[in-house]
Amino acid sequence: RQGLIRGGVYAVFAAQGFPLADREETVTAGPVTDTERERLALPASACVIRMTIVHRTADGSPISVDACTLRADRYRLTYTVPVHG
């Protein structure tokens, strides 16, 4: 079902015995496809950001995949990555 999950995806999987160890995000950007343009009511000139997130358990098994498409002129992605060394 769609909608917000209380405690988020991490809490749901942990409660079911599958604590998440990491997530992998893949981000691409480019011109809107015909399908995206139709479904999102975007102009043909629009550019979009496509993001796919894979959540994994401690043994590396993927347990959840999220995909989203964002209009590039309305969103900014900011990441903070810890540096170990």
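Colleague: In β3, what is the bridge partner of M51?

Modeller: C68 is the bridge partner of M51 in β3. Bear in mind that this is a predicted model.

Colleague: How many bridges join β2 to β3, and which way do the strands run?

Modeller: There are 9 bridges between strand β2, residues 47–57, and β3, and the two run antiparallel. Another pair standing opposite each other is V48 and R71, the latter in β3.

Colleague: What sits between β2 and β3?

Modeller: The two strands form a hairpin, with 4 residues between them. In that turn, G60 has a positive phi of about 90°.

Colleague: And β1, how many bridges join it to β2?

Modeller: β1 and β2 are joined by 11 bridges and run antiparallel. For example, D22 has R56 in β2 as its bridge partner.

Colleague: What is the strand order in the sheet?

Modeller: The order is β1-β2-β3, in an open sheet of 3 strands with antiparallel pairing. β1 (20–31) and β3 (62–71) are the edge strands, each pairing on one side only. On average, neighbouring strands of this sheet are turned by 15° against each other, direction ignored.

Colleague: Which strands does helix α1 touch?

Modeller: Helix α1, residues 8–15, packs on the sheet and touches β1, β2 and β3. The direction of α1 makes about 145° with that of β1.

Colleague: Take S64. Where does it lie, and is it buried or exposed?

Modeller: S64 lies in strand β3. The residue is buried, with a relative accessible area of 13%.

Colleague: Which residues does S64 touch, leaving out those up to four places away in sequence?

Modeller: With those left out, S64 touches V9, F13, I53, V54 and H55.

Colleague: Changing topic: how many salt bridges does a search of the whole structure find?

Modeller: The search finds 5. One of them joins E36 and R50, whose closest N and O atoms are 2.7 Å apart. E36 is in helix α2 (residues 34–40) and R50 is in strand β2, so the pair ties together parts that are 14 residues apart in sequence.

Colleague: Are those two buried or exposed?

Modeller: E36 counts as buried, at 13% relative accessibility. R50 is partly exposed, with a relative accessible area of 23%.

Colleague: Which residue does E25 form a salt bridge with?

Modeller: Its partner is R23, and the closest N and O atoms are 2.5 Å apart. E25 is partly exposed at 28% relative accessible area, and R23 also counts as partly exposed, at 38%.

Colleague: What about D73, which side chain does it meet?

Modeller: The side chain of D73 meets that of R71 in a salt bridge, at 2.8 Å from N to O. D73 counts as exposed, with 56% relative accessibility.

Colleague: Now the whole protein. How many helices and strands?

Modeller: The secondary structure comes to 2 helices and 3 strands. Along the sequence, the pattern is α-β-α-β-β.

Colleague: Why is the protein described as more spread out than a compact globule?

Modeller: Its radius of gyration is 16 Å, well over the 12 Å that the globule rule gives for 85 residues, so the protein is more spread out than a compact globule. Along the principal axes, the C-alpha atoms fill a box of roughly 45 × 40 × 20 Å.

Colleague: What percentage of the residues is buried?

Modeller: Buried residues make up 20% of the 85. The accessible surface is about 6800 Å², and 53% of that belongs to carbon and sulfur atoms.

Key
Residues are numbered from 1 along each chain as its sequence is written. This is a predicted model: local features need pLDDT of at least 70, side-chain atom pairs count only at pLDDT 80 or more; totals for chains, interfaces and linings use all residues. Side-chain values use heavy atoms; hydrogens and water are left out. Two strands pair if DSSP finds at least two bridges between them. Axes are lines fitted to C-alpha atoms, for helices over the stretch in contact, and angles run from 0 to 180 degrees between N-to-C directions. Contact means heavy atoms within 4.5 Å. The radius of gyration is taken over C-alpha atoms; the globule rule is 2.2 Å times the number of residues to the power 0.38. Buried means under 20% relative accessible area, exposed over 50%, partly exposed in between (1.4 Å probe, protein chains only). Accessible areas come from the Shrake-Rupley method with a 1.4 Å probe; for residues, only the protein chains shown count as cover. A salt bridge is a side-chain nitrogen of Lys or Arg within 4 Å of a carboxyl oxygen of Asp or Glu.
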